[in-house]
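Subject: Structure handover

Hello,

Please find the structure below. My notes on what was found in it follow.

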Amino acid sequence: MQQVNLGMIGGGTVGSGVFHALQMNGSLMASRLGIRIHIAKVAVKACDEPRPYEIPRSFLTLDWRSVVNDPNVHIVTELVGGTTIARTMVLAALRLRKPVVTANKALLSAHGEELFAAAKQHGTNLYYEASVCGGIPIIKSLREGFVGNRIRQLYGIVNGTCNYILSRMKSEGAEFADVLAEAQSQGYAEADPSLDVDGWDSQHKIGILASLAHGFWVKPQDIYVEGIRHITRADMEFAGKLGYTIKLLGIVKKMAAPAKPRKTDGSRVQVSVYPALIPSAHVLASVSHVFNAVFVRGDVVGDTLFYGRGAGKDATASAVLSDVADAALDLKFGTHHRVPPFVPHELKGSVLPIDEVSSRYYVRLSVVDRPGVMAKIASILGAARIGIMSIIQPEGHEGEIVPLILMIHDAPNGPMRKALEKIARLSVVKAPPVMIRVETFE
Ligand code: HSE
């Protein structure tokens, strides 16, 4: 049986997970692929660092270049993270025409276009299943399973930390800061939670999915991002009463083509990350705790749902192994017989600026309960041609500050933002307005 040798860079949580999984299921993979995958070397930062699964000392080296440059290493895994040295490592392996498997979403987000171009130039492939949603095979599904579909819409709960926090806020009626502190003490959230709770991790992942789905590389700076720090218990409760659940969503939506498209028009796609009210009856509303899910609507297949663990040594190792298997097949049959992992094909595509994106909205205002207040607010919205769908104001006493909840019809984000700025300046509005978009999956 043919053998391919794997050179691993990174032997931490994911790397040791891959090592362990291959010890466990290597023979099974060999019988499925007709190729034996043998780990040749693992480059690590320190040989004695603690790792979830032990890697025998004989595999370890401190010199990643010795892994990449070893002529007996056929495939390289980059599992170190970061965007600087990781880029150098990946480029070094691609230049030697070695297929590379990475789990590094930040690297792809920042340098994906360059790295895929390098892979093409050197006649090899760069695989990245583990970079998005850990164990969920969403990359392979998009690039292979849905190759015959235009992806109309894709909605992802792609950050386990945020989903954990929002799930607990809802089930326990707790505030964001309290749940975050507890999640940090239990190891569900990082000591510096910004990457997760401010939406940047989701931005990296949704940018990769959007690029793959639409065939042009989506630049991170074009993705509108809002995190979940401003979500309060009050908003969770009002949303619940209205039949909604708040989730942090990555959203990729293709806009309908104009009635008379010009030759220069490419596809226009919304690519955003923000917390949204979603109907509590929708399947994504029941995705709880640290789980991830991706809902994909294709023009041929219709609606599909992918669910699973988005992080962790074993789920991520499963994704890395699937890529290693593809890379091994590249070597067995030649890369040119296979569809590369990312093919730019929609070169005129662009991301729609958030101000041009239309959505529904939930707005919570803190207003003085006094005659004429509602009229002032309604007249600002009316002048902007923004329609109110429903209103809730819990009973209070005249003159008190009360919450006023408005559900707003579909309107572009730009005019809605400007109307809210005007509303915020009214003397009867006593706190900055809270606005959360509503997604109904229509
Ligand atoms: N920090 C991520 C999450 C996992 O909370 O989902 C790694 O992508």
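This is a predicted model: local features need pLDDT of at least 70, side-chain atom pairs count only at pLDDT 80 or more; totals for chains, interfaces and linings use all residues.

Cysteine 133 sits in the loop between strand 6 and helix 5 and is buried, at a relative accessible area of 0%.

Aromatic contacts

There are eleven aromatic pairs in the structure. In one of them, the ring centres of phenylalanine 116 and tyrosine 128 are 5.3 Å apart and the planes meet at 75°, so this pair is edge-to-face. Phenylalanine 116 comes from helix 4 (residues 105-121), while tyrosine 128 comes from the loop between strand 6 (126-127) and helix 5 (138-145), twelve residues apart. Phenylalanine 116 and tyrosine 128 are both buried. Together with Trp217 and Phe342, these two make up one aromatic cluster.

Another pair involves phenylalanine 441 again. Its ring and that of tyrosine 155 have centres 4.6 Å apart and planes at 70°, so they too are edge-to-face. Tyrosine 155 is in strand 7 (residues 151-157) and phenylalanine 441 is in the segment after strand 17 (434-438), so the contact ties together parts 286 residues apart in sequence. Tyrosine 155 is buried, with a relative accessible area of 0%.

There is also a contact between a charge and a ring: the charged end of arginine 437 sits over the ring of tyrosine 274, at 4.5 Å from the ring centre.

Domains

The domain assignment lists domain 1 (2-135 + 313-333), domain 2 (140-309) and domain 3 (357-438). Between the C-alpha centres of domain 1 and domain 3 the distance is 52 Å.

The largest pocket holds about 1300 Å³ of space. Its lining consists of 49 residues, and those nearest the centre are Thr13, Val14, Lys105, Glu190 and Ala311. Two or more lining residues come from each of helix 1 (13-33), helix 4, helix 6 (160-172), helix 8 (194-197), helix 9 (200-214) and helix 11 (313-333). Sorted by class, the lining of the largest pocket has 19 nonpolar, 19 polar and eleven charged residues. Domain 1 and domain 2 each contribute at least three residues to this lining.

The second largest pocket holds about 510 Å³. It is lined by 26 residues, with Phe116, Lys120, Phe342, Val343 and Pro344 closest to its centre. Helix 4 and strand 13 (350-351) each give at least two residues to the lining of the second largest pocket, and helix 4 gives the most, with five. The lining of the second largest pocket divides into twelve nonpolar, eight polar and six charged residues.

Regards

Technical notes. Residues are numbered from 1 along each chain as its sequence is written. Side-chain values use heavy atoms; hydrogens and water are left out. Rings of Phe, Tyr and Trp (its six-membered ring) pair if their centres lie within 6.5 Å; planes under 30 degrees apart count as stacked, over 60 as edge-to-face and the rest as tilted. Helices (H or I, at least four residues) and strands (E, at least two) are DSSP runs, numbered from the N terminus. Buried means under 20% relative accessible area, exposed over 50%, partly exposed in between (1.4 Å probe, protein chains only). A charge sits over a ring if NZ of Lys or CZ of Arg is within 6 Å of the ring centre and within 35 degrees of the ring normal. On a 1 Å grid over the protein atoms alone, a cavity is a set of points where a 1.4 Å probe fits but cannot get out, and a pocket is an open set with protein on both sides within 12 Å along at least five of seven lines; lining residues have an atom within 4 Å of a point. Grid points are joined across faces, edges and corners, and a volume is the space filled by probe spheres set on the points. Ala, Val, Leu, Ile, Met, Phe, Trp, Tyr, Cys and Pro count as nonpolar, Asp, Glu, Lys and Arg as charged, and the others, Gly among them, as polar. Domain bounds come from an automatic or database domain assignment.
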